[in-house]
Amino acid sequence: MKTLLEVDNVSISFDGFKAIKNLSFSIGYNELQAIIGPNGAGKTTFMDIITGQTKPDNGHILWGEKSIDLIRKTESEIALLGIGRKFQKPTVFENKTIIDNLILSQKKNRNPFKVLFQKNTNTDLISIDKILKDINLYKIKDRIAGEISHGQKQWLEIGMLLSQNPKLMLIDEPAAGMTPTERNQTVSILKNISKSSSIIVVEHDMEFVRNLNCRVTVLNEGSILSSGSIDFITQNEKVIEVYLGR
Amino acid sequence: MITDINKSVKKHSLIFLITIFLFTLLITFLSEPFGINFISTSFVKVLGKTLCLCIAAIAMDVVWGYCGILSLGHFAFFGLGGYMIGMWLMYERTSIIVLNSLDGSQLPFTEIELQEAIGNQIFGVVGGTEIPLIWTFADNLYFQIIFVILIPGLLAFIFGWLAFRSRVTGVYLSILTQAMTLALSLYLFQNDSGLRGNNGLSGLQNIPHLENLSQSTISILFLWLSSIGLIFSFVIFNYIIQSKFGSVITAIRDNETRLRFFGYNVEIYKLFIFVITAIITGLAGAIYYPQAGIINPAEIAPIASIYLAVWVAIGGRGKLYGAILGAASVSLLSSWFTGGNAPNIPLGFFTIEWVNWWTVFLGIGFVAITIFSKGGLIGMLNTLLVKIK
Amino acid sequence: MKYLLIILFSLLSFNSAFSEENFNNFLFKNSKLIINSSSKTVGTFLEKINVYDQNTVSRFLNLWKNKKLFYIKETKKIVLISKFDNKTYYAIDIFSNAKIGKMRKKDFKKIKPNSGVRAKISSALVNFQIFSNDTNKRINSINALEKKILPEHLKLLRKAFLLEEDDRLKIKIKKLLQFAILQHGADDNERINVLNELKTNISLEVRAVLSKLLRTSEIKVTKNIEDLNNLNIAQIIKPEVISKKQFGEAIKSFFYKEKLKLSVIDAYKIAQKNGFLDKRVSLNELKLILENNIVDNKILGIDIKEFNKNSKRIEVYNKLAKIKNLNIYRDETELLNDLKQLHFYKVYIEKNKYITNKTKQVLDSINFKVKFYKYLDLFIDGLSLSSIYFLGAIGLAITFGVMRVINMAHGEFIMMGAYTGYVVQLYITNHTLSLIIAFPLAFIITFIAGVIMERLVIKHLYKNPLDTLLATFGISIALQQLAKNIFGTQARPLTSPYWLDGSLIVNDDLSISYIRIAIFVLGVLFFLILLFVMKKTRFGLETRSVTQNPVMASNMGVNPEKINMLTFGFGSGIAGVAGVAIGLFSKVTSELGSEYIVQSFMTVVVGGVGSIWGTLAGASLIGFLQKFIEWFNPSNTLAAQTYMIIFIILFIQFRPKGLIALKGRAANDN
Amino acid sequence: MRLLITILFLCFSSLGFADGHKKPIKIGILHSLSGTMAISETTLKDTMLMLIEQQNKKGGILGRKIEPVVVDPASNWPLFAEKARELLTVQKVDVLFGCWTSVSRKSALPVLEELNGLLFYPVQYEGEESSKNVFYTGASPNQQAIPATDYYLEELDVKKFALLGTDYVYPRTTNKILKQYLIDKGIPESDIFVNYTPFGHSDWSKIVSDVVSLGADGKKVGVISTINGDANIGFYKELAAAGVKADDIPVVAFSVGEEELSGLDTTNLVGHLAAWNYFQSAESDLNSSFIKAWKAKMGNKRVTNDPMEAHVIGFNMYVKAVEKAGTTGVDAVRKAMYGIKVPNLTGGTAEMLPNHHLSKPVLIGEILENGQFDIISQTKEVPGDAWTDHLPESAVLKSDWKSLGCGMYNTKTNTCIQLKSNY
């Protein structure tokens, strides 16, 4: 399997506190992986580093076939290369309608002068309608995003990622604050997406991760504790100690 | 919203165009030179200036209300626009006077003599005679009009590029913009700046080559010019905010970090908005100061820009109409109260003299509106209309 | 000299040939000179006065100098006046103290010698008092001599030095004697000895005396360079072409200081005045001559329309000059060639070359030391400006830094503090006591105002810091106008206690006013108190916890609402105290605060938000930087401020979070 | 939009007061009541209101009452033009009294000339101007700056000059004239130190220490201060703190009067100088009754100053001129103004000259401990000069509105350079 993203020996520290220590990680095309770990394990920082929000002290992050180093790139450049990100707390544009949110994230020319004169073609609208159906929000597409429920916002954000059409999605706690039914729906949405693009899911909820049925990496204190199938890692003693044991 | 831009843009622009046109026409018919002489020239001038302030206010609204950049330095661009056009007005007027006075001499004057005489007339009051380098093109109206656009745009570009690139946001950016306008105004206060220091450029209402027209006619001309300016900038800004670009900048306002992860180069969008609003503000200044008659560095002191923000807030930010309403109502009321027209209120033990108390009430008004009505006056009007319906 | 001899004569003889009566008559005759005295005319009067009894004269001169004399309008008689009742006064004879008569206010007028006249009187009094038995009188006369030493004083001083028994006075006299020798002494060896003695003295007086020795003549000119050999040349000057003053001069003088220059035109004038060169024809004169030669709209057959260029005018003029035998026009480079055969120079007024060289040497070594003090002075200036910025900004650093609230009314809290100081002084006239009361009172008042503002306004706006900016701006303009309506627009005095008057004088180049020292001390005190409050008290702990994580803090039992309120009150209270301090050295007006607000914001931003150390760093940076730029360009403080702000804007580019920034995740969510 | 129209109507409804039998004479008062200049200008507004009240008690002018119209240009220069136009066209005032800074005057000037208004300008100024529509009742440089400099040169034997000023037109032009004057008097240019500071400057330590060190070469230093407004307070405080005594380095100020000193502790300033045409301490019956009336109206602590006297003179002249002309028409009043004489508060009389300036005495006073001035020198009436004799380009100019009908007349070429001012 070809690698899409390779994180190579990355470290970062804040005020002397090492948030990530010599971390290496990789993911292939159309692969679904999950990352778990206790609070403060460095999960969010890990995502920050990949998406360019935080610059690591050392290490490399290589992307795609051409092995482009992402460290020197800005957030927007990285996003344009095909990495989408969903935040832990759902961040949608609350003053806009659901459909406007999706139009905003839709993959198109981002040059301001082009954007100024950009119009929505029929094909654009059709693809958005399809996404709306995928994330179960088609019926309420004209509602203001600030008014919908927490779970729906999570879906909307995933929908925005889809509309961005990335090669890799980083999804931070997609199931937080969801009802059990919504969780199951989310699992199927994610599985569905992973057919066409790679996904890294960061989760707390073991049950949710189990349902995803994918490779799992356990982070602790900024480095990888264990990696493998969910059954494999749940038997690892160290993992039980730092994570499950609590 | 984004889905049916064209219709919406056209509708809004058309309504606005008609309203302003009718308003200007009405004023013209009520005015002294073209109508029934019900409105004084001085009030026509106040209205013309108010329209220019409205232009600055909608620019401010776009940059702040829509894009979320609270610029406390936009009046710097307004002033620069005024200075650029003021240079031509002053130079041209003076050179006409000088040419007339040199007519009497026996030998024809040399270029150097002419320059010296003009320099003495313009810079005599600040103790100089030389015409500074920056006045090189002051004799050419077209160049100066280009500068009206170019100089504020350039300043906005340089400042914006520096500020946005290093991701200074929010309160910091506001303070930085304030520092920018303070630096510019302090610079212009110096006589060495070549723009007559604290005196600034004066007598701008006397338009060269239009000496035969009375000020009342000129005031109507400028009223129309201001109206056209307002319509022009409204149409531009209305298009921008209703287009997908507008959707992007409101997204920047709401969460610029999120937007970055969708691949938008937020800094360029901000810079674009900052520069275009600066240019429009500069143009507004170029129409404003020939009506005001004098421009000097105090005009671009930080407080002027704060007032600009306050107008927008009072009118209702995030709505172009709001900005216009805010700028027009506050500046007109201000001019009315300080003009000694408002009757004093005797309370028996104490008389409220508006000249002294108007600012106090204005200040309290700001506070009340910021706390109780986020939508400003236009928001209050909307709620009122909804209730009536 | 004659004048001096007469004094000495009268002093030694102790025999006054003239009585008071005579002096009285003399005064009466010269009353016009006394009543309408001018430093031009008073000299001759003072010369004549010496022949009279020295006690009488010195009493009279003292009364005159101290503006105690009056004159009766009708008779021009000079008298003393004492009050009888509200409407009537007694005129009293100067010498006999006898009441001459009652009069009304209209009838007499005060005699007001101006300070020039008073200085001359003091100088004249020297002769009467330097040998007086009364020490005070001797001190007075010596003080008068400090102002100006005349050649005739040299002998007087030598004698006084020998006779004087008071040690401290003797030192003073010695110093004056040295100065007198340097300036007026005839013996060059003695002068050189004095110069050697003065080497280590850097006082302004010494420098003044030394500079006097180096005074030069006007610019002179000669054709023959050998003429210079026998002269004590100060400087040889080369004339040069100097372009007219240009705008943007500020930037030029920013980099180098201008030297003495001699323009070609000026040099030519000097040369012409001394008969070395012919009169130069200026462009204006040339134009006049041309105009006088217009015949039928033509000059030498050339249509006058063509004369709109200087080159054409010069060309035709030169033709005309040949015909009419006038001086032809030459431009500056040609003039410069003419001047090259001449030598322009200045000579020292002092003839002895050795003395001037020695003086220069001594002065240079003194100036080297002075330079050090100048830098020290600059440093202290920076320090004091920094403390002022610190005082102005520290309250803001708390409200802005801790709560992320932009309080535009911060300046008005400073103003409120200053007005509190003023009001307290209205009721308590003892300045020390009133200050002791004013500081805590200002804190309490602005604390309460801050709390009220937080409760009524800020509380509703925590979610949007930019909105607080507008709301507090509204409060700011309302408060400013309110202050105007209450206290009027005039500046109000806030007087510092007597012990803060004056300054700590290290030497003539380094003096620090006590008020600035006090402000520095106050700044340090503030800093320490705040550090203590923030680091060591429960309140500080809770404030910091609210700053870092309000949700967590409230879970821990901290009431964020209460903390916000108290923090705001605290910050405002500090602004009030700062206001009293700022009012002491500047002025109390309703606009006092608005002058500090932008600077204060910049201080906080440059320093780094949320840290007292940061504010200290920011204030120091801005204060020192401003003084440093001013030092480059002393005549333009405006430019200094402009450059400083531009520097700050650029600085923020490289350190967007300020000098001392909070790192880590907490810093990112602003 | 609706609001706009409402405001519009409100504006005009307030104008429609009932026309009585005799229309009152309207006097516009154009002084800043807010902003930085309010500190000086509000006093003048109060003075005008007091004078109008007094005149109304006497029955007004020509049997018509006087009605003051007070506006607030808020220290904002463009507003002076706007408010002047409003006063002249909307309020239809007969005359204006107002302005303080030169910039504000230059801002209102085009409007006055366009609409043929009449302004009485009460503050000492830099000269180099003579407008048909302005009467300058304050001092021009030859009535204040030049005599004060002469006093320095002759009486105090000052050899080195520090010209300190606020950075605007009055100090700039005055210092330009003074510099030329001093050079003509033989003071080398290197002995003249010029410094400008912004309005409201407060950090004076560096400048004061620079001035002190000027004396390092033993020449007597004198400071000529054109520092304006509240910046003076910081300046004098710093002088006092630096221990600069008036005997060592005297300061003569052209903008510091009783009013400015009332905001200061004057104990350390005793002996410093000011040059004016009026001091409160001047002894005359007229002055004592004026001071009495002022204190009765404004409170015992208030003081009087020179621009107030200028307004008193200007107002009295205006009253006389209207009575002489029998109308308030601007042209008639202007013609009636020339040669009108009214008593000064300092004794003697002021006369309006054809160049629109006054002849007034020059007084030099030393600051006393109680914040008043001890007048130590008083000249005879000096006629005000519109164009200075000390600058070559101005020396040839002359202003005479009465016989030449021109404010800028070149006596060399015998031509009128311009009728309207260039601002």
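Trainee: How many residue pairs are in polar contact between chain D and chain C?

Mentor: In this predicted model, the count across chain D and chain C is ten residue pairs in polar contact, both residues of each pair being at pLDDT 80 or more. On the side of chain D that touches chain C, α7(D) gives the most, with seven residues. Among the other elements of chain D that give two or more residues to that side are α2 (38–57), α5 (145–154) and β14 (373–383).

Trainee: How many salt bridges does the rule find across the interface of chain D and chain C?

Mentor: The rule finds five salt bridges there. In a salt bridge with a distance of 3.0 Å, N to O, the side chain of Asp374(D) meets that of Lys112(C).

Trainee: How should I read the size of such an interface, and what area is buried between chain D and chain C?

Mentor: The size of an interface is often given as the accessible area lost when the parts come together. Between chain D and chain C the buried area is about 4300 Å², and carbon and sulfur atoms give 43% of that area. On the side of chain D, the residues that lose the most area to chain C are Glu155(D), Asp203(D) and Lys206(D), which together make up 13% of what that side buries. The contact itself takes 58 residues from chain D and 57 residues from chain C.

Trainee: Within one chain, which domains does the assignment give for chain A?

Mentor: The domain assignment gives domain 1 (3–82 + 166–244) and domain 2 (92–155) of chain A. Their centres, taken over C-alpha atoms, are separated by 26 Å, and the contact takes ten residues from domain 1 of chain A and nine residues from domain 2 of chain A. About 690 Å² is buried between these two domains of chain A, with 58% of it on carbon and sulfur atoms. On the side of domain 1 of chain A that touches domain 2 of chain A, helix α7 (residues 180–193) of chain A gives the most, with four residues.

Trainee: How many salt bridges and polar contacts join these two domains of chain A?

Mentor: The count of salt bridges between them is zero, while the rule finds one residue pair in polar contact, both residues at pLDDT 80 or more.

Methods. Residues numbered from 1 in each chain as written. Chains lettered and ligands numbered in written order. Predicted model: local features only at pLDDT ≥ 70, side-chain atom pairs only at ≥ 80, totals over all residues. Heavy atoms only, no water. Domains from an automatic or database assignment. Contact = heavy atoms within 4.5 Å. Buried area = accessible area lost by both parts, 1.4 Å probe. Salt bridge = Lys/Arg side-chain N within 4 Å of Asp/Glu carboxyl O. Polar contact = N/O pair within 3.5 Å; in protein donor to acceptor, adjacent residues only side chain to side chain.
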